[in-house]
Amino acid sequence: MKRLKHLLCSNNQIKKIDLDFASKLPSLEVLVLSGNKIASFEDIQLLASAKSLLHLSLLDNPITELPAYRLQVVSLIPNLRTLDFQRVTLKERSLAENVLRGDALQPQPDNPKLLAARRTRSSHVQAAIEQASTLEEVE
């Protein structure tokens, strides 16, 4: 599977990434793990060794509810261009570099409107994934 570039694994009860994931899929650029059971940053730690990974979706996984989720994932996988079908911004990259250096993140209060918008966006993306026959239809 050395030439595989896109892998869609939504709704498969996946809890963590296999130890030799990156070596088995060295060309992987797009990984969609939406709707699984990934709950911690340790569960995706091995994605850091996937140097060609550019697009990742973890929507509808427990990990997305953790504080500073996006920054933690961007710091773990700095090559990402999109996370959860949203472009990784320069500001996020800068803040993620601070995470890598060990600088403390400022806690951000839970904003009910932001949480509701995130859930709505997640529902729309999940529906798009289910109806799509190719990745380009989702993007």
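Visitor: Leaving aside its neighbours within four places in sequence, which residues is Thr-82 in contact with?
Guide: Keep in mind that this is a predicted model. In it, Thr-82 is in contact with Leu-54, His-55 and Leu-56, and also with Arg-87 and Val-88.

Visitor: OK, and where does Thr-82 lie?
Guide: Thr-82 is in strand β4, which covers residues 82–83.

Visitor: Is Thr-82 buried or exposed?
Guide: Buried: its relative accessible area is 17%, and the cut-off for buried is under 20%.

Visitor: How far apart in space are Thr-82 and Ser-57?
Guide: Their C-alpha atoms are 8.1 Å apart, while in sequence the two residues are 25 apart.

Visitor: Let's zoom out. How many helices and strands are there in the protein?
Guide: You get 5 helices and 5 strands. Starting at the N terminus, the order is β-α-β-β-α-β-β-α-α-α.

Visitor: And what share of the residues is buried?
Guide: Of the 139 residues, 38% are buried. As for the surface, the protein exposes about 8600 Å², with 54% of that coming from carbon and sulfur atoms.

Visitor: What about contacts between residues at least 6 apart in sequence, how many of those join residues at least 24 apart?
Guide: That would be 63% of them.

Visitor: Now the inside. Which residues have the most contacts in the largest nonpolar core?
Guide: Ile-44, Leu-47, Leu-56, Leu-58 and Val-73, in a core of 26 residues.

Visitor: Which one gives the most?
Guide: That's α2, with 4 residues. In soluble globular proteins, nonpolar side chains tend to be buried together.

Visitor: Why is α2 described as largely enclosed by the rest of the structure?
Guide: Because 7 of the 8 residues in this helix, residues 69–76, are buried. The buried ones are Tyr-69, Arg-70, Leu-71, Val-73, Val-74, Ser-75 and Leu-76.

Visitor: One more: where is Ser-34?
Guide: Ser-34 sits in the loop between β2 (30–32) and β3 (55–57).

Visitor: Buried or exposed, that Ser-34?
Guide: Ser-34 is buried, with a relative accessible area of 0%. Beyond four places in sequence, Ser-34 touches Cys-9, Ser-10, Asn-11, Ser-57, Leu-58, Leu-59, Asn-61, Gln-126 and Ile-129.

Methods:
Residues numbered from 1 in each chain as written. Predicted model: local features only at pLDDT ≥ 70, side-chain atom pairs only at ≥ 80, totals over all residues. Heavy atoms only, no water. Helix = DSSP H or I, 4+ residues; strand = E, 2+ residues; numbered from the N terminus. Buried < 20%, exposed > 50% of the residue type's maximum accessible area, 1.4 Å probe, protein only. Contact = heavy atoms within 4.5 Å. Areas by Shrake-Rupley, 256 points an atom, 1.4 Å probe, with all protein chains shown as cover. Core = buried A, V, L, I, M, F, W, Y, C linked by side-chain atoms within 4.5 Å.
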